[in-house]
Amino acid sequence: MKLDRTTLTIAAVTVVLLVAGPLLPAWMMSLIKISLCYGIVVLGMLVLMRTGLVSFGHGLYYCLGAYAAAAHDKLANSLAEVGDASGWALLRGILRLPKMLVDALTGVFGPYDIAVMLVFSVVVTGLTAWILGFLLRKYREIFFAMLSLAFSMILYGSLVKSSALGSTDGFNIAARSVFGATLEDDSLRQTIFVSIVAVTMLSAWLVNLYLRTHRGRLAEAIRDNELRVEYMGASVRRTIHVNYIISAVLAGLGGALMAINIGHIDPEMAYWTTSGEFVFIGILAGTGSVLAPFLGALIFETIRSFAYEYSPNTWQMALGITMLLVILFLPGGLWSLFRKMRGKAA
Amino acid sequence: MAIVLEAKGLNKTFGAVTAASDINVAVEKDSVVGLIGSNGAGKTTFINMVTGYLKPTSGSIFFAGRDITALSPRLITRLGICRSFQIPQLFSSLTVYENVMTGVGVVFSGGGWSDASPLEGTPEQAVETMLERFGLTAYRDKKANVLPEGVRKLLDIAMAMSVKPKILLLDEPTSGVSADEKFELMDMVMEAVRAQGVTVLFVEHDMEIVSRYTQRVLAFYEGRIIADGEPAKVLEDPEVRKYVTGEAHAAH
Amino acid sequence: MVQLLAVLIDGLIYASWLFIIAVGLTLIYGVMKILNIAHGSLYALGAFTSVTFTSAWFAHGYPAMGSYAMLALAAVVVGLVAGPVIERGLLRFLYGKDEVVLVLVTYALFLILEDLIKLVWGVDPLFVQGPKGETPYALLGNFSIGGLTYPTYNLLLVGVAIVTAIVLTWVLARTRAGKLLIAVIHDRETAAAMGIDVGRTYFVTFTLGAMLAAVGGALTAPTVSVVTGMGAEVIVIAFAVVVIGGLGSLPGAALGAVIVGLVRAASIHYRPELELFAVYFVMAAVLIVRPKGLFSAAEVRKI
């Protein structure tokens, strides 16, 4: 396996974060953790954007991942109740399976285990994306954007009306263990940080590997000329479906990690303006590298926290103006600027 | 000689417009066939139907005896019928190398493919060979959207050749190419075709190219085939002179 | 039975409101191929401006009936100011870019306008109300139908929607300007090649669309507390209406508005927990059956 520049950079970033992280002031750590969680969602957007698609509803998976991580027991119980109420033996059996899985895993690892929560996030978002993917892979451009927005608003609407899941307030969660080992205070904080770094950097590495495989390369070909891809004997729909699932799982992991990180989830995560933020960061970052989303998220979060503190009524305007400037003058995103600078120095 | 491609009673109507009317053709293996006719006569419609982009209103298409009328372009490509386009269909943001690699990569990633001569060596070697055959090596790392027209055409054809064609359909391979480059282009294509053992059908407006390179010519007019035979004979045919090459023929 | 009537009337009222907002959106998309997210902000601007105008009106002690004129004035002013400024100042430089890029531009614009509104009007909820509590909403009294009582103001809403639909249909079908608009909707390039001033068409269309959004906002202002965030809420539901009906189609906007209006009214009455989700569910369902919406154009052959 050839070691390319991106892989080396990912490794370097991981090392720096893990070593320097604990030495940084709390506010900086917080900024980094949030940026990583947002960044992995935007990494998912990158995979879709390389395929020529922009989702205006990625909040769906971000939120679903968070709720699957935090509320898997409530969700599983609700499903089992529905099954019991139906009185249909087969349906009851099928809808009891999630509860059995949840009980089994929490039995072994305890409730609110970080590893278990991430597993649930992946399973729920992966399954949902697989199902929705059959429909969404037929759409492009505006319609793909609008349909994905519709599904995210469907989730938003359902969660807001669900008192069992806390309605508009959402609810709090607290991770208690990882792989069965109980954690408290300092060790909990450190483990959360390490988990976030590990999951996000590992994902970046894996996505980078994927994009260099044949199917990964088809993404950009599809973006440029779908017809020709079909005339090369490859299936556009199947590739889009796969990339859609990958992007959803990444977004779900971002949501789950964010939930574990800040200890709170609410339906706002699925509102269209949240999805809009992911799109914004995606445009800001560009699709040039798997690390671009994380850089973009860091810049976004930095602007947001400082602009908000300085003038809470103008930070959105600052974002809007930045986005316009990037679209008008830097269509490849900030990463293309980075590449140009590196090109000049070389 | 074996019949490799056969069209029986093909018709295609779009509402009140008849794009193809009772097309019957049997193409022999390894032949080189020219399709002539003025714009709108039905040549591209024919290619679109054979490659699965359009479904005929009635009639069937057979490839080596197998009915392919209802198949999708993707499956037909995998069976071994490949095409190039009137306007080159390239991947504009990818380099020439990456464009050809797309096709080669698909072939090497497996699945059911035609048993045409396999691409040799590793995927990288296969791409380099293809680039050489079409004189594209100098443009290897250039993005497809900055290429001159003649090179775009060559790339378009190279991409079609890289997915193991048994039959190659070229839609106006020399249109938009300057007069002196036309023959160079066709020589290159024909050499590659001979090297891979492919049956070729191509649409052409330049009658000199048609007479020099084809063994058989089909003349289209208003969706029908009005002449079918050796180039010399077909080009002398009075109906062909009237509707295709004579007054009615517009030099591109 | 009474409930069914209530659903129909509520549905109709809601549909009228939706139509006024959605028709500008669909028109702008149809002519300029821009899905304008900032439409929500223009709606909000219309609402906030009417608060300012009506407050000034009431403060001067003028007859309360005149406050309707203030609503209309607010809509016109917003349309005539915001429309040209945005079109000439920003959008004009971006024509020809990818549709999705244009959506992102309008999203950036939305963010900017939302904060602009906060800066000018503050973050507290505002009301269209005189110092003595007079409001245009209550001014017209109520009417009863089948045992149900509604503020007559809602009839005004329905009336405006119907008049807008008729006027627009007539303009598009009968006037020269309208036919030019339709030509541009069908094929921008050919229209330009035939000498139609596409730039001017865009200018007029966008200004008209902005004015319609502002009308929606102005008419809504007396019925709700005017607050930031109303733009964000409205734009998603307007999208649903426009996508259901078919982007760029006037009858589509009307049909979409009626469908969404009835669905929402029905869910509020029969299954309130589904209210928020019912509309998007219908949109997804329509797209599954008719991928480009109910009234959509045919596909052009590519090769």
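**Exercise 1. Find the axis distance and crossing angle of helix α11 of chain A and helix α4 of chain C, then list the residues that meet.**

Solution. Start with the elements. Helices (H or I, at least four residues) and strands (E, at least two) are DSSP runs, numbered from the N terminus.

Next, the geometry. Axes are lines fitted to C-alpha atoms, for helices over the stretch in contact, and angles run from 0 to 180 degrees between N-to-C directions.

Then the hand. The crossing of α11(A) and α4(C) is left-handed: the near helix is turned anticlockwise from the far one by less than a right angle, whereas clockwise would be right-handed.

Last, the residues. From α11(A) come W272(A), T273(A), G276(A), E277(A), V279(A) and I283(A). They meet L104(C), Y107(C) and F110(C) of α4(C). Contact means heavy atoms within 4.5 Å.

A note on the model. It is predicted: local features need pLDDT of at least 70, side-chain atom pairs count only at pLDDT 80 or more, and totals for chains, interfaces and linings use all residues. Residues are numbered from 1 along each chain as its sequence is written, chains are lettered from A and ligands numbered from 1 in the order in which they are written, and side-chain values use heavy atoms, with hydrogens and water left out.

**Exercise 2. Is E275(C) buried or exposed, and which residues does it contact?**

Solution. Buried means under 20% relative accessible area, exposed over 50%, partly exposed in between (1.4 Å probe, protein chains only).

Now set aside neighbours within four places in sequence. E275(C) then contacts K161(A), R264(C), S267(C) and I268(C). Check V263(C) too: 12 residues separate it from E275(C) in sequence, and the C-alpha atoms are 8.5 Å apart.

**Exercise 3. Work out the strand order of the open sheet of 4 strands in chain B.**

Solution. Take β1(B) and β2(B). They run antiparallel, joined by 8 bridges. Two strands pair if DSSP finds at least two bridges between them. F14(B) stands opposite V17(B) in β2(B). The hairpin has 2 residues between the strands, and G15(B) takes a positive phi near 60 degrees.

Move to β1 (residues 3-14) and β4 (residues 58-63) of chain B. Here 5 bridges join antiparallel strands. A7(B) faces I61(B) across the pair, and N11(B) has S58(B) as its bridge partner.

The order is β2-β1-β4-β5, with antiparallel pairing. β2 (17-28) and β5 (66-67) of chain B are the edge strands, each pairing on one side only.

**Exercise 4. How does the radius of gyration of chain B relate to the globule rule?**

Solution. Count the elements: chain B has 9 helices and 10 strands. Its radius of gyration is 18 Å, close to the 18 Å that the rule gives for 252 residues, so chain B is as compact as a globular protein of that length. The radius is taken over C-alpha atoms; the rule is 2.2 Å times the number of residues to the power 0.38. The C-alpha atoms fill a box of roughly 50 × 40 × 35 Å along the principal axes. Of the 252 residues, 57% count as buried.
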